[in-house]
Amino acid sequence: MQRIAIIGGGTAGAASALFLARAGHQVTLFERVAQPTAVGAGILLQPTGMHVLDALGLLEPILAHGARNDRLFGTTAGGRTVLDVRYRHHDAQSFGLGLHRGALFSVLWEALKTAAIKVCSGVNISRIEQRGGQALLFSRDPAPGGSEAEAGEFDCAVIADGTRSDLRAALAIPQKVTPYPWGALWALVPDDGLTQGGLRQWFHHAQQMLGLMPTGFAYQEMTQPILSLFWSLRADRLPHWQEQGLAAWKQTVLALAPPIAPALEHIQRPEQLTFARYADVQMRHWHHGRIVCIGDCAHATSPQLGQGANLALVDAMTLAQCFAESSAVEPALALYSQRRRPHLRYYQGASKLLTPFFQSDSRIASTLRDIALGPICRLPVARQQMALTLSGSKTGWLYGRLRQSK
Ligand SMILES: Cc1cc2nc3c(=O)[nH]c(=O)nc-3n(C[C@H](O)[C@H](O)[C@H](O)COP(=O)(O)OP(=O)(O)OC[C@H]3O[C@@H](n4cnc5c(N)ncnc54)[C@H](O)[C@@H]3O)c2cc1C
């Protein structure tokens, strides 16, 4: 049994706390938000992520809150198919689940309560020191001039504090964090049956992208299904978008995607749209002595491939499996880095390669995409590989597949 501190109560932190506590470890979860609540838009949960939630015994409530997405379908404004990826091209039973991030959060946090895991909310972990075979945690009051205090002594510290992690930055692991110039405005709107069977996107070059994803239900609000609406925007163009006003934006959107008019009716104020930015996080490996990084903190990417929550869930399950195979902390964490490498490297590489075709000012990239991607989606081998990629299962460009056991 190890005393394990987990820093961050998002998908990665909460899921790893559940797995590690179930394996008999003494887990303490630190979350900086005093009263964490269900926020965020829709995430696309892939079969790999659903497998992990099934192993935690949480798939049933997740399925009840989610919306089945069988397909990712994108066209130009003129109706030319740009992207058509269907899960069934990899496996007849396979599908993605559009899910409100808040529903995933709430299901995981309910499970933390049921498992009686020690959760310290409102604690901002500021520093970790490795000393005498222990990981010492310190917390700091985030107010200017706030004082630092010891938060505890542990055998292992799991950093799961998201993309903008100061704790990761302080580690002696070679790492690179590159903010994406592009982000997205998102909103949740009532689902009036606009999309059929999956995530629908409209593109104009790589500069404009509108996405609508069936997202299921907000947590325990099972009467009104919701859609997530995404509008791609370069971060430095946000002030111009704000100046332009909602009416002008709606005109642009309707010129690109006329069928979405009923969804736009639900957006009456600019504050209904939230701007999200992304960054690319690369680390040479994810462990350092008794410390390990998981989730977005370890490998955030652009959301283009819909993998953020899934990779975090697979991280959590793999970490617990490594502890089961190696009773000492440092070898378990080294094993973790080794096990996660092929899967994480593939998705980081694929995301980096694909993102400029969907979010950039490059006319060359968008023209190539519009000419080639539609026909490629119809080739049997290519469409199967694309469906495998979307489902979160690939660990290499040619053959590798993620092996998941319970
Ligand atoms: C507010 C929010 C909204 C999001 N919305 C979406 C969305 O709409 N769609 C989507 O696809 N993805 C969204 N994401 C990202 C998505 O949740 C993640 O890609 C995925 O779930 C992996 O999460 P994670 O646990 O690695 O990190 P995160 O979900 O970022 O969780 C990190 C947690 O660590 C806590 N934390 C940070 N620093 C400290 C510290 N020093 N001490 C203690 N705790 C700390 C944070 O408060 C947070 O709860 C959102 C993330 C956040 C935080």
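**Ligand shell.** I began with the residues around the ligand, and they divide into twelve nonpolar, ten polar and five charged. My classes were Ala, Val, Leu, Ile, Met, Phe, Trp, Tyr, Cys and Pro as nonpolar, Asp, Glu, Lys and Arg as charged, and the others, Gly among them, as polar. The shell holds 27 residues, and the closest are Thr 11, Glu 31, Ala 41, Arg 101 and Asp 296; a residue is near the ligand if one of its heavy atoms lies within 4 Å of it.

**Ground rules.** I am working with a predicted model, in which local features need pLDDT of at least 70, side-chain atom pairs count only at pLDDT 80 or more, and totals for chains, interfaces and linings use all residues. Residues are numbered from 1 along each chain as its sequence is written, and side-chain values use heavy atoms, with hydrogens and water left out.

**Where the shell comes from.** I found that helix 1 (11-22), strand 2 (26-31), strand 3 (42-45) and helix 10 (308-325) each supply at least two shell residues. Helix 10 gives the largest share, three residues. Helices (H or I, at least four residues) and strands (E, at least two) are DSSP runs, numbered from the N terminus.

I looked for pairs of N or O atoms within 3.5 Å. A polar side-chain atom of Thr 11 sits 2.6 Å from a ligand oxygen, and one of Arg 101 sits 2.7 Å from a ligand oxygen. Ala 12 uses a backbone N or O atom, at 2.9 Å from an oxygen of the ligand. Taken alone the ligand exposes 940 Å², of which the protein buries 77%; areas are Shrake-Rupley values with a 1.4 Å probe.

**Arg 168.** Arg 168 is buried yet has no salt bridge, and the nearest side chain of opposite charge, Asp 161, is 6.2 Å away. I take buried as under 20% relative accessible area, exposed as over 50% and partly exposed as in between (1.4 Å probe, protein chains only).

**Salt bridges.** I counted 18, each a side-chain nitrogen of Lys or Arg within 4 Å of a carboxyl oxygen of Asp or Glu. Arg 3 pairs with Asp 155, the closest N and O atoms being 3.0 Å apart. That pair links distant parts of the chain, 152 residues apart: Arg 3 is in strand 1 (residues 3-7), and Asp 155 is in the loop between strand 11 (148-154) and strand 12 (156-159). Arg 3 is partly exposed at 24%, whereas Asp 155 is buried at 12%.

I also noted a network of salt bridges that links Arg 127, Glu 129, Arg 131, Arg 140 and Glu 148. Within that group I looked up Arg 140 and Glu 148, which meet at 3.9 Å, N to O.

**Positive phi.** His 205 has a phi of about 50 degrees and is found in the loop between strand 14 (198-204) and strand 15 (208-218). Gln 220 has a phi near 55 degrees and lies in the loop between strand 15 and strand 16 (221-234). Buried or exposed? Gln 220 counts as exposed at 60% relative accessibility, whereas His 205 is partly exposed at 23%.

Key: Polar contact = N/O pair within 3.5 Å; in protein donor to acceptor, adjacent residues only side chain to side chain. Lys, Arg positive; Asp, Glu negative; His and termini not counted.
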